Amino acid sequence: MPVTVVGFVLGPLLLLFVAVFVLRGKGRQGLLIGFAVLFFLTALYQLIVPMDAIRVYIPQVLWKLITLATVAVLFVTTMRDKQFIVSSLIFVQSVTLILAETLLSPDEPTVFLQFQYEGGLLLVSGAFALMALLPGILSHLHRSSSLSKSPTRNRAFFTGIFLLMAAFAGILSARSITGLFLFGQWGVLADNYFQKAFDQNRQNAKFVLILQQSMLTIWIGASVYLNQTAGSLAMEDLSGFGSATGLVMILVLFMVLVMGRMIPEKVMARQYSSYPTSIKGLSVIMYSLLIPFSVLLKFRPLFINLDNKLAASAVFLGGILMAANAYYAGVSQHKEEILSHMVLFVSGWAFAAVFTGLEGIFFTFCYVIATAASLPFLFACVTVKDDLEEPDQSGKRKGMVKQLSLFKAFVLLMFLFAPFSSSLLKLVVVQLMAQYPLAMLLAVAGLVFMTTVVLRWLLDLLREGITQNPDARKLSVFLKCELMFLFVITVAVNLLSGTIYRYLQSQSLPMGVWPAADIEKYASLPGIVHLNKFGTGVIFLVISIIIMGAVFIVYEIYGREKVQKTAEEVQPFKAYSLTAWLPSNNRIFFWIRAGWIATMMLLVGVALSCFKA
Amino acid sequence: MSWLLNNGLRSISILVVQAGGCRGCALQFSMGMSLENEIKGISVTGNPKHADALLVTGCINEKSREAILQLYEQMPEPKAVIAAGACSCSGSLFRTSENNLYTTEDILPVDAWIRGCTPDMHEMLEAVVRAIGASLEKEGSRKI
Amino acid sequence: MLQSLIWFLVIMIVVPVLYLIENFIRSMMPGYNKSYLLQPIYRLMKLFGKRGMKTNDPAHWFSIVSCWFAICALFFTVRGENILFIFTSLVMMELFILAGSWNAREPFGSMAAQRGIARFFICAFTFMVSAASLYQVTGTLSLKEMMAYSWMHYLLLKLPLAFLAMIVVLLIRGSLLFFDFNITGKALNILDSALYTPYSGWSLGITQITRWVEIGVWLKLISVFLPWKPWFSFTVLAICYLAFLLTDGFIPKARWKKVARNAFLWGGGMSVMNFIWLYLF
Amino acid sequence: MMRKSWSEKQSSSLAGKWFTFKSRGYNLLMINATQAENKIILEYILEKEGDIEIVKASVPPNYEIPSVVEVFPQGEQMQHEITQRYPISFFPRMTKHPDSSVIEWGPFHPLLPEPVKFRLGLKDEVIESTCIETGYNYRGLEESCAGRKAEEVLEMLERTSAMNGFCMGLAFVHALEKMHGVDVPEKARWLRMFLMEMTYLHASLHSLSHTAQSLGLAACSARIFKLIGLYCEAAALISEHPQFSGVLEAGGLSRDITIETLYTVNAIIQEMEEDLKDIRDQWEGTPSIARRLKKNGIVDDRSARLMTGRAVRAAGISKDFRKDSVLPWSKLSYTIPQAAGSNCFARVMLMMEDALLSLELIDQIAEDMPHGDVKSPCRMDGSGEAIVREPEAYGTLALLVRQDEGRLQELKIRSAAALNFPFLPQCLEGTEIHDLPLVISTFELDLSSMEK
């Protein structure tokens, strides 16, 4: 197993123990900054120069011991928090683990952890997200008194973050089913510590925790069955279940939906309510976007010979996810809620894309990376806005930073531009959902409603530019440079989605499954932004950015000197919901719930019918 | 300058301000606009930023005065002011020493007057064209 | 290249001429304000002669950017580029017009911008689904190839409802008949000139040109569906649009929320039915 | 400065008097205030089928006394006028603070016939709370009339408002004739009735044109403008001033109007009958217009009973304001149009029916117009006091005149709009802002005669 992969997984664990037991206060923050930068640079380096040379051998027994240790730690923490249902579930898990080990002693795949073709890129975008949200996390540490004062909360906070990164790297690189279970438990443990760090009353997370633990219990039980029939725990060799493939696929789907919190329900979103914005952004991007997409891609061989009805209903579920999250984004009030629904919207797209052709995956991949690169920047801006609006000790409210609103406007424009310029084109051309008309209509409705939400946010941003507050406290230089740097990367990634296409084409892949033979047909389509071809698209884009830049500059100069007060400051128009013209709101919540429940039932029914055939 | 004058005279958008009192003059103006007459190109607007001329009718008390000054300030140049009716030209019967009513001349630079209690429709339209012509000439002389 | 330049000029002239004819015929009717034949042109010239606009509304600079995107959309339509790319330019144009009226401190401008966002959603959804059905039938998204295809085969046979849905989008954009969101404020309504409240002087002139160019783009886009020669189908559609303009005065103005629901039901519904129908038969 | 207020006993005794009159079926006609040495005397004038009762209350300046709105809600605007002129205030003050986004509309707008400013609390373009700010039409008419001769006062009263100028003048003339006991010749009374019907027709046409503009029917409002043009052409034959000012005189009319001019005027006027019927059928028949009108401007029955003008008949209460007048309407044969539902649709249909009714009455009056002279000699320099209740274009008008040796000592006018205005905010709540001009046009508020 390549040393870097082990480094990504076990490294954060090691640093966790160092941070928690050795260092204090400032030391911990320094360690976190160092870790984040190191994590990002090594991920980037590992992407360009895959270091398979240095290999280190870790015996299977060690992974089994770690799994048992995680389950034991979870059992102890849940017993201490008096969550007896969860602890009983965990007890069942530990019993099945021990029995499976003693009776069957399944042999783990020799290569337990390995970054496959897409894992590297997702790891880089995850590391980038952590880098983008780091300033927000640090400023939250300074500001929130509860974290700095009580050592237990501080310790829980740091364990949570390191565990989160370890789980993220683990799931991306896991190649065996028990690996998924292990790193899934790490993720749940990380959430548990976050709850302890932020949430005083901690009961709105109870339902989600039980749901996830029961899902993991079923998963570990099923892994025994899978091992018997397929003969190995590695995910690629999982095939040849014959009629049971459908059922296995359902199991995988439910696992991804539950662990990724992708069920469009208020309960799932409420669990994050107590988290600060930056942590909420980090966990949404990792749990709900990157991890589900990579897990589904790992089970890709299982879905290839799937019968059409199952794929159709799975794609339809993806469409519902997109439409539902676009609607929730339109209705929710707070900016971070809108952002998390935007992330879930893109993950709904990724969820549906996996079941279409390889071309669909190929394209959605670029869009997922573009999202993982641009949305953390917006989460960061929202955090900074909260910082500035937080009245400091003297009770004086800080003002609005005009430059921030222009950056945010540009990023949203790019986030808006990407779907229209590249994804829509590919969506229609690449038959992402063209074989599934109903799902496509839902997807188009979701996409257009999400663009409407972005349009409305842009209007607010461009109005923010005007409100000038002379005593606005200036942003720290570090934060300003970091935001500028991140903003440039975000715009670049969005514009270069065509070039990422090129990079993935050149990947030489072990299994030859990827990419599709006729990918050339799709890559050469009359895309809008192909930087290597000096087409009309590029001219239009360059001139547009020049004009927009000129107008913003004039707008800035013009605004500053001659802003006079009108006769009487009429309140900005605020009481206006985006869905004012729809008949009535609550009926639509009902339809969304009915939609996803019906599709889930359909999926299970179709899977069971496979048994008879 | 004649190009500016021709275009200005052929497309006039008026902001009719019924400042108070009986709205006989305002009704007379809207009647004049709709009936057959040779003066064309006049339209009514409610937004000061789109208006070329301000037609003030009725008595102007303190409250109306502040609102009218606000409107006048928002109108782009070149702009004309027309005082229509006895009430806005001289305050007619209602203007006495104690109930401090204003005439249009007291608060705005007036370009054309239309006297008479409920003046004639056609006379009003001609006064509007006269006022716009005067304001455009002022604009033209300012430019040269 | 020459042919596209000719088309560019033709459309830039035809749409204002439509509005001139409508304005002149309406002023001939009894009870209306009298006006010259070239009334809209005089108004445009007068607006460019204005100066001294209020300084606390810097938003009227946005009319320049929206005009740029409208002209780009027309240029790409005439060159037969990809229709999604054309729609992206129209989206950017719409964004900057809405931003201009949302930024000004006038509540009616903000209210019109909010209605503009709902109108955007309805037009975008209808257009996207129609584009998908167009792609299913013609196999391409570039306007040039579609024109060639519709010249050989009858598009209307396969896409009748998509054509009607696009006509609904045209009516929504032109604020005509039953699909008037009361945003551009032609008829007297409480929001005055609604979306264009903060613009005045030259920026109002530019927004007027942007509106005309946008209608030109939509007319050219929709003329793809008609099976005749491009210039003939464009003239037929232009005359239809003139008819809509003239009948607009006789239709009572409904409330914008009802209009929005109707527009979504009619526009969106027809395009979705056509899309599903393509798959079933 | 802290306002002192009446003692508990004083307040309850005044309120008690109001309740006794209300229980006996009296209605609040008007509130008059006169400045004594250092006290302000308030006169609450109550009326029931013609006989009038006055409740007096003397209040030292800067005092606070109970508000009459709990007992007679239609008195809110009358009290507001008194607070504008005298240092008195009324408790409890009802102020609603909207928490939704507040926007202002007015005071000058093409769809607002008269200057008034609306502060609207909106949520998703639905009005949650309204606060209406008036005062732009105030000219201090009553103060400037004090101490003037009857002719000058008549000339000023005829110019108070475009729609009700003639009705105000006629009410003042009737008050003088009642005070001096003059009997007017038969032909002068019939001619006055003829001119009143012409004024009603003019008012209905303008209300219809404003409603058509609010509905967004450009073609229809142009057509109604054509009818108004027809009316102006006919009215020009009678007097060069469109509101017939200068025709009236105490004791009759200033000049005679020959039968031929009446016939030509009647012939011109009757041409608009088909157009009016066609427009009525079009509005009634088009479902989108009818549905929109029926949905807006709903006034509950309790307040409709306290209002005046078409709003009362729209609520199904049959009340003919022409019967209040001394003019010989009883000699004409007509049935007063009635409607139900108390919403915009009922009021608009009544506008149409009343315009057609005025056409019919003008025809009847022109037919059997009596002969004789139009003026009886009389002297108007006596002194006395008269309270008169006369119909006006939008309901009933109340006038109090006190004259001392030919010089006007005190004049108090309460127009129909002063009764209907307090009920507008409550009726606006829940309507869309898009329909605001429509509800205002059907409420037919003549602000210039209300604020004077």
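Predicted model: local features only at pLDDT ≥ 70, side-chain atom pairs only at ≥ 80, totals over all residues.
Residues are numbered from 1 along each chain as its sequence is written, while chains are lettered from A and ligands numbered from 1 in the order in which they are written. Local features need pLDDT of at least 70 and side-chain atom pairs count only at pLDDT 80 or more, whereas totals for chains, interfaces and linings use all residues.

**Chain D**

An automatic or database domain assignment divides chain D into the domains tabulated here.

| Domain of chain D | Residues |
|---|---|
| domain 1 | 4-91 |
| domain 2 | 101-133 |
| domain 3 | 142-451 |

The C-alpha centres of domain 1 and domain 2 of chain D are 30 Å apart. Chain D contains 17 helices and 14 strands, taken as DSSP runs (helices H or I, at least four residues; strands E, at least two) and numbered from the N terminus. Its C-alpha atoms fill a box of roughly 65 × 60 × 40 Å along the principal axes. The radius of gyration of chain D is 22 Å, which agrees with the value near 22 Å for a compact globule of 452 residues; the radius is taken over C-alpha atoms, and the globule rule is 2.2 Å times the number of residues to the power 0.38.

Of the 452 residues in chain D, 49% are buried (20 or more other C-beta atoms within 10 Å of the residue's own, with C-beta atoms placed from the backbone).

**Chains B and C**

In total, 19 residues of chain B are in contact with 23 residues of chain C (C-beta atoms, placed from the backbone, within 7 Å). The largest share of the chain B side, 4 residues, comes from α1(B).

Terms used. Buried ≥ 20, exposed ≤ 12 C-beta atoms within 10 Å, placed from the backbone. Contact = placed C-beta atoms within 7 Å.
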